Structures are given as structure tokens and as C-alpha cells.
Amino acid sequence: MPKITNNPNLCSIRVAGTGSYVPDKVLTNDDLAKIVDTSDEWIRSRTGIQERRIASDAQATSDLATEAAKRAMEQAGVTAEEIDLIIVATISPDTFFPSTACYVQRNLAAKNAVCFDISAACSGFLYAMSVARQFISTHTCDTALIIGAEKLSSMVNWEDRNTCVLFGDGAGAAVLKRAELDGEQGVLSAYMGSDGNQTDILVVPGGGSACPITPDNAEQRLNTISMQGKEVYRYAVTAMRRACDRVLQRANLKPEDISMVIPHQANFRIIEAIRERLDVPPEKMFINLQKYGNTSAAAIAIALDEAHRSGAIQRGDKIVLVAFGAGLTWAAAAICW
Ligand code: UT7
């Protein structure tokens, strides 16, 4: 059952800066129709996705993460040496170990940071936000860099039309600091949940200790994403609706107080279902999945940066972030921007 992580005794954290990075290479729906039996019409109508970005062979997840981090740090006005915590949320790490966060630390020369990864799939960026909130609130650190970064193109079976049309590469980052201006600013409430009974419906089954890739099973592509789309869809709608309700309740907010909802960017039909539940107008749902597809842990981080830089969210706005992913995992946060 879901674990509630909002602790009223925690002081709040504020987002001091955001940044994002997507690779240059664009893969359109028409491009995909040349390699699997699909069409632009099917992908648009079922998901809302029009194109996605694909990293080059030379780019690892940490490279995408590093670019996003530099942009967030520049906006926040913090130096690499001021960062004392780096959390990378990813399911496509550079290597099983060391953590992708350690590669980012090296790239940034952030020598004072403690670094680790979080594996919570599409909910990872919000899990990272909650973890950083605890660290900052307890004065374990002052300046945290949280990043959602994925090179999902390296884990996709490009012969499976059920999955290969959905995913893309990219990274988003945020610099978090203690909110000192007033009690209203920063993260107002947070909520996380997991359900380990549904590990099978969205999984990369091979390549780990449970099922190492061998010469005998290599042909089965077990080290690529496998998903029961309809099942995941059903859980996603229910879990994200509930997560929105919980963070609003805990922050003492009503849906009409919300200026913008930034949902996980997997499927516009799922986003529409959440919008109906919240009863907010379409312009209050931030959507960019048409450009990037589902970038898992990076999706909300990229959307947050785009919403911020485009002026779609302004200082003082109350916003809700909500995510859902493999595990199953889900999470939400209410923030006074
Ligand atoms: O980020 C983590 C969370 N992930 C999600 O939230 C994803 C949740 N799931 C979804 O978004 C949707 O379930 C999908 C977009 C993955 C699929 O949409 P759907 O409406 O559930 O379609 P479906 O899986 O029921 O497939 C409908 C039909 C099937 O054909 P038949 O059996 O009806 O003849 C599929 O074989 O569409 C077929 N199909 C495709 N056709 C053209 C599946 N993929 C494709 C494709 N192009 N790419």
C-alpha cells in the first residue's frame, strides 16, 4: 500500500533553478513506420506522441544529465562546489555501477557532493525530490541537484511496435535549496507509493542477476522493455488520480487553487483522465509529450523546466507534479513556485 511521506515538521525546499537537455536527433512517427508495422495516425491517436529524441552512440545517460544539470545550475546561480547532494533518477544508467550520479559528479567537478541513483522508473524524479527534501530539511545538505535522465533508446526493442513508438531520450534537472522566504513557498506536500505485486507488467526482464544475458538467450531480447500496455494504463490513471487528491488534501488546496499540473508524459489520454478527475481546464495541464514521447524519469523534469522557462508557471503559482511508472511506483508533489 502507498506510503505517505509528507511530514508536517519538515521545512520546505524551493526550486532554485531548472534545466533540461534533449539530443538533437529527431525520430518521427513516419520514421518509425518505416521500421515497424505502425502509422503516424495510430501513434498520435493512441498516445499523442508525434516525435521523440534519440541520443547518439557517443552519448550516455550521464552526458544528457550533465547538460541538463549545467543549465539548472546556471539558472540557480550555484557553482559545482556548492552542490552537496546529487541524485540521478534513471532506469537506463551508464553502468550497473558506479552510479550515474557519480559520472555526473565527475563531469561537473562537483567534488563536495554525495552521489547516488534512484530507480523508480517514471516516478524517479519525484522520488528524488522527496529524498532531497528530507536531506535538506534535516540540514544534512544545503544544495541538492536532482536529475531525471534516460537513454531509453538503448533499452528499446526496435522490432516491438507495442513499445518502440512510445519512448525517447532526454534529461531534466533541478537545483533545490531550503525555502527561507516564507512558509508558503516551496514544496507544500509530497506523496509516494509503490506496488511490488505488479512488477511483471512493465519490466526489462533480462540483464540483471535474475536472468543474465547469455549466448543462449540473447536472441530473445530479454534486455529490452516489455510492457502490458493496457494494464499499465489502468493502474496509471487510478494511481495518479489518487496521488493528486492526496497532495492537494495535504497541502490544504482545492483543484481551483492550482495554476498548472505537470503530469508524467506517457499518454495524452491518461493526462486527460487526470484532468477530468481534477476538473481543471485543458490549459492547466502542461503537455510536451508530442515532442519527446515518454522519457520516463526525465519526463516531468523536462516539462517542469519548459513550463518554467516559457513562463507557463510564475512565482507564487501553486503547481502539482504527478507521476506513475514501473514497479509499480507513483508520486506527486504540490509546490508553491
Ligand atoms: O511510463 C510508464 C507508464 N506507461 C504508460 O503509462 C503506458 C500506458 N499504456 C498506454 O499508453 C497504452 O496502453 C498504449 C499506448 C501502450 C497502447 O494503447 P492501447 O489503446 O491500450 O492499445 P492496445 O495495446 O490495446 O492495442 C490495440 C491494437 C492492438 O491490435 P489488435 O490486437 O486490436 O488487433 C495492437 O496490436 O493496436 C495494436 N498496436 C499497434 N498498431 C499500430 C499496438 N501498438 C501498435 C502500433 N502501431 N505501434
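Four helices each supply at least two residues of the shell around the ligand: α2 (40–47), α6 (161–164), α7 (229–250) and α8 (268–278). Helices here are DSSP runs of H or I, at least four residues, and strands are runs of E, at least two, numbered from the N terminus. The largest share comes from α7, with 4 residues.

A word on the source. This is a predicted model, where local features need pLDDT of at least 70 and side-chain atom pairs pLDDT 80 or more, while totals for chains, interfaces and linings use all residues. Residues are numbered from 1 along each chain, and side-chain values use heavy atoms, without hydrogens or water.

Where does the ligand lie? Domain 1 (7–178) and domain 2 (186–336) both give residues to the shell, so the ligand lies between them. Those bounds come from an automatic or database domain assignment.

Now the atoms. A polar side-chain atom of Arg 269 lies 3.0 Å from a ligand oxygen. For Trp 42, a polar side-chain atom is 3.2 Å from an oxygen of the ligand. Gly 229 uses a polar backbone atom, 3.1 Å from a ligand nitrogen. The protein covers 75% of the 950 Å² of accessible area that the ligand has on its own; areas come from the Shrake-Rupley method with a 1.4 Å probe.

Last stop, Ser 92. Ser 92 sits in the loop between β4 (85–89) and α4 (100–108). Buried or exposed? Ser 92 is buried, at 4% relative accessible area; buried means under 20%, exposed over 50%, partly exposed in between, with a 1.4 Å probe and protein chains only.

Key. Polar contact = N/O pair within 3.5 Å; in protein donor to acceptor, adjacent residues only side chain to side chain.
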